[in-house]
Amino acid sequence: MVSGLDDQPSDHTSGRWRVTRREALAALGGAALASSSGASKTTMAADRGPDAPVHVRVYPGAVPFQARLRYGLGELRRDWPTPLRDASAAIEGAFEQVLAYARERSRLEALEVRVERGAPIRFPPSATPLSADAVLPSLEALLGRFREQLRKRTALTGRTCHVLLRWSPLNYRVGYGGTLAPNSVTGETDDGGSGDAQTVANVGATEVWDSRAVTRNMAIHETIHTFLPHDIVESIGEAYCDHELGTAVRTGENTLEISPIATAYAGPDRIGGGTRFHGTGCCEKSRFSRHDGTDGIENWTYTTELSDTTCEGVTRFLEWRFDS
């Protein structure tokens, strides 16, 4: 994990895959997964070659003073208040799972994935046009401003997924988050993108309307999207969209446990169907990797453990795009 006691999540993510960084590196044969608090321009420039690591860089957005107070006075001066730290740790844990899955099958043995923290993202007033986007920016507008910040930092390497942890609990135009073409898939592209993907996870929405468990899962969800292009998803079973690689498993008569890529899509399409708001993307529950149905379900729980189909999809993509 990222070093420093103040940077640890407030509680541990459940599931058999939640291991320490040291344990993960030992299990994966040395240095497959690395984590750091950032990368210098020199390092980023050196990481552009075909054998360079794949980066997942997570950036904290601005969190209002009153929101920070919910988590204690100690959070008032930090760029990484508790929910953002937990979201970042969940993303790191997801890639630990993917690489452990691949190593168990003697795959991706030489590929390194680095999950790291980027410097805070702040949008100056001069970058915000006098329009409806000034108050409630659309996902497209938000991603555009994010992209401009990355360009100014010369942070685009062609092998990086950039994740913005946004605090916008009332912005229905962003919802829980998302990504858009041509910067929706990590790696070199043929449709005009630079190869760097970018995505937004609306931590403010999940924290205010749902729970910390949903915050973790949606941070993983939006990040994993950029490693699951349609061609890869189609190659796994009969899945049409990546949400269908997830699982919804009954763990009790009235309880359904949802994996990250299925979060916001496994429940009925209504307010309070699992998450407070249902996702607006594609999915067909009959094509899920596993869906035990929602009849009689009263309790919705969330696991950060990825389904095998999700791990397989990300593994296939990493092999195809990056594993030389």
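Predicted model: local features only at pLDDT ≥ 70, side-chain atom pairs only at ≥ 80, totals over all residues.
**The largest pocket**

- The volume of the largest pocket is about 850 Å³, taken as the space filled by probe spheres set on grid points that are joined across faces, edges and corners.
- A pocket here is an open set of points on a 1 Å grid over the protein atoms alone, where a 1.4 Å probe fits, with protein on both sides within 12 Å along at least five of seven lines; lining residues have an atom within 4 Å of a point.
- There are 38 lining residues, and Gly 177, His 225, His 243, Tyr 265 and Gly 281 sit nearest the centre.
- Two or more lining residues come from each of β5 (177-178), α7 (203-209), α8 and α9 (230-234); helices (H or I, at least four residues) and strands (E, at least two) are DSSP runs, numbered from the N terminus.
- Helix α8 gives the largest share of that lining, with four residues.

**Helix α4 against α8**

- Helix α4 (residues 82-104) packs on helix α8 (residues 212-225) at about 50°, with the axes 8 Å apart; axes are lines fitted to C-alpha atoms, for helices over the stretch in contact, and angles run from 0 to 180 degrees between N-to-C directions.
- That angle makes α4 oblique to α8, since angles under 35 degrees count as roughly parallel, over 145 as roughly antiparallel, 65 to 115 as roughly perpendicular and the rest as oblique.
- The crossing of α4 and α8 is right-handed, meaning that the near helix is turned clockwise from the far one by less than a right angle.
- On the α4 side, the contact (heavy atoms within 4.5 Å) includes Asp 86, Ile 91 and Phe 95, and among their partners in α8 are Arg 212, Arg 216 and Ile 220.
- By class, this α4 and α8 contact has nine nonpolar, three polar and three charged residues.

**Helix α4 against α10**

- With helix α10 (residues 308-321), α4 packs at about 80°, and the axes are 9 Å apart.
- This makes α4 roughly perpendicular to α10.
- Gln 97, Val 98, Tyr 101 and Ala 102 of α4 meet α10 residues that include Asp 308, Glu 312 and Leu 318.
- Six nonpolar, two polar and two charged residues make up the contact of α4 with α10.

- Ala 181 and Pro 182 are joined by a cis peptide bond, with omega about 10°; Pro 182 is in the loop between β5 and β6 (197-202).
- Ser 106 isn't a glycine, yet has a positive phi of about 55°, and Ser 106 is in the loop between α4 and β3 (113-117).

**Contacts across the sequence**

- His 291, in strand β9 (residues 290-291), touches Ala 248, Leu 256, Ala 266 and Lys 285, leaving aside residues up to four places away in sequence.
- Arg 166, in strand β4 (residues 160-166), has a C-alpha 9.3 Å from that of Ile 121, 45 residues away in sequence.

Conventions: Residues numbered from 1 in each chain as written. Heavy atoms only, no water. Nonpolar A, V, L, I, M, F, W, Y, C, P; charged D, E, K, R; others polar.
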